[in-house]
Amino acid sequence: MSAAGRTLLSYKLQLTLQAPWLVQGSEPGLLGMDAVQLRGPDGNRVLPGSLIQGRLREAWHALRRLGLSAPDPSEWLGPEVDLEANVNGKQDRNPSRRAQRARLWIEDLTEDQPRTASGQFIARVKIDSAAKAADDGALQFIEQAEAAGSSICLSGLCRLWANAEEAKDIAAHLAKGLRWHSQLGALRNIGFGELKEVLVRPEPEPLPAVLDAQVVGRCGLVIRCNQPLAVGNQRVNGNVFRSSDVITGATIKGVLATQLINAGKVIPSWFNRLRVSHALPSATQRRASHMPHHVINKGQAFFALAANELAFQGADALPYATDWKPATFNEAAKLQGWGATRHHLRVRTAIERGRAKDNHLFVYECCVAEADTAWRAELVLPGATHAEWAELITCFNSGLLGPLGKTDAFVSTQLIAQSTQVWPDGPVLEPRLKLMLRSDALLFTAEQAAAAQTPEALKHLYQSQWQSLVDARLGQTAKVTVCSLHARQRLAGGDYLHRRFGQATKPYAPFVLTEAGSYFVLEFATLKQAQDMAQHWQQHGLALPSSVVARHGEDWQSNPYQPQNGWGELAINPELPFDTWPQASKPVAVESEVN
């Protein structure tokens, strides 16, 4: 079906259930409670949106088998998903399945009148089929906040992409699909969660103020979210995945592209030029920053080490961030403007024939923003015309961006004329540049890193890579010297990245990323060279060196760490609030750590 003319619509879903009711949560309950209610980050009971979508899919399939009018579940909810493949990081190689995505999402439904855990429960006992008596040790206590027969109202939003013709009937189809089920939640076979009433109504959402299209080329992006996020998931242990609290530029661009496709629009020609920085959780009106790696903590205070040498006399170890305790990190976060986030566990499992599939449980440790925290990013479109910039702004006219991450969250967006940093760039008044990575950067390959076995060799490698970047921009007559550096590296790899971006003709090798916060001091031959490179890096980010391009490629299909996706963002002569620690008599070349 053609996607032309589709718009993002919102509907309010309100379901009334009759107690007893149970959607089992994973949080520890009151002492002696065997099954507790699932609660959201705010402590209120929820009916998961994924459960509602699954029931909707099942109902629409059943109605269509009976020859009754119902939407195609695959058209609206996407194709059936192999959860086992997703959990294990296997890529779906079927092009038709990858191309067809959902265009209807339901957020968690929360109770209209929140109730706290009160210690009330329902007791069940298993009956021994032979003895016809209570089975030993089979007593179960199930949390219930209200008496049997009481009504429980839950509501939430359903968002979907539809044209005018589809929108005429979609509310009726939603209501019919939900009413198909007599019970929702667990223990339906014994009468739990009886569905009493379903209401579906349009819910217009307020539009944001539109940014003036005359401000061409660069603007700020503010993202706010009141739902749990699961982005940049890191496997913690087995089937537990922890969300990052940073939304990468690649994630934002990917969601934006999906929205354009859902709206039936062609991806604009300027889209590949668009650079979206990582969105960092910020507690103020300024965009937060990572902590520079040349900052140490000494005597309850923070100091920046002298630009050309490290600064401690004697045999004491330098108190870098690798040795800080939680209290020190909390103090550093205030200086960084870092917003407060917390984690919320959401347990999921694969479903087979209406029941939980054995051994297919997995957990998302989601990220939840506190009330005063917003994610702040920057949009840069080098060489933008007024027409291109106006087209970019219209992409954010709805004020919503989603679905985002594993929880299919929809976030509110706002464009602001200027993005300010908690530690802004300083002027370039001398040939020496102080550079700090605002995001991780891919500066060399695993093979090059393996060959750099000593600090001196690693410093030489950084020297050659910075020179390569300068050569590509200014020509080989321009020379740059790495005067000092404080850098840490980490490995990014594994089965998914290898399958998605690996090159079949070359042996497996992980990506080696220089971490955000790494700090470099570069000396150029002339002031003009330093100014030219600073201006270029502020517009385009840090390019991929030629050795990286030869190993991993330079397009998004072979290499995820593109500067247009927010990687390699640089702060130029950042105005840091730290006093400089006195210079030492004995210089140390490099502090490096590979995780």
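Predicted model: local features only at pLDDT ≥ 70, side-chain atom pairs only at ≥ 80, totals over all residues.
Two residues are taken to be in contact when heavy atoms of each lie within 4.5 Å.

Val246 is placed in the loop between β11 and α6. Leaving aside neighbours within four places in sequence, Val246 is in contact with Val231, His278, Ala279, Leu280, Pro281 and Trp338. Val246 counts as buried because its relative accessibility is 12%, and the limit for a buried residue is under 20%. In sequence, 228 residues separate Val246 from Leu474, and the C-alpha atoms of these two residues are 33 Å apart in space.

Thr248 lies in this loop as well, between β11 (240–242) and α6 (249–262). With a relative accessibility of 18%, Thr248 also counts as buried. When residues up to four places away in sequence are not counted, Thr248 touches His278, Asn565 and Trp567. His278 is likewise among the contacts of Val246.

Strand β1, which comprises residues 7–18, is mostly covered, with 9 of its 12 residues buried. Two antiparallel pairings involve this strand. In one, 12 bridges join β1 to strand β7 (residues 151–162), and Gln18 stands opposite Ser151 of β7. In the other, β1 pairs over 8 bridges with strand β8 (residues 194–202), where Val200 is found opposite Leu13. In a regular strand, side chains alternate between the two faces of the sheet.

A further sheet is open and consists of 3 strands in the order β22-β25-β24, with antiparallel pairing. Its edge strands are β22 (441–444) and β24 (489–492), each of which pairs on one side only. On average, neighbouring strands of this sheet are turned by 50 degrees against each other, direction ignored. The pairing of β24 with β25 (residues 511–514) comprises 4 bridges, and the bridge partner of Leu491 in β25 is Val512. Helix α10, formed by residues 455–474, packs on the sheet and touches β22, β24 and β25. The direction of α10 makes about 105 degrees with that of β22.

In helix α8 (residues 386–394), the buried residues are Glu388, Trp389, Leu392 and Ile393. These residues lie on the same side of α8 because they cover an arc of only 140 degrees around the axis. An α-helix has 3.6 residues a turn, so residues three or four places apart point the same way. The elements that cover the buried residues of α8 include β9 (218–224), β18 (374–380) and β20 (409–416).

A search of the whole structure for disulfides finds 0.

Key: Residues numbered from 1 in each chain as written. Heavy atoms only, no water. Disulfide = S-S within 2.5 Å. Pairing = 2+ DSSP bridges. Axes fitted to C-alpha atoms, helices over the stretch in contact; angles between N-to-C directions. Buried < 20%, exposed > 50% of the residue type's maximum accessible area, 1.4 Å probe, protein only. Arc of directions from axis to C-beta.
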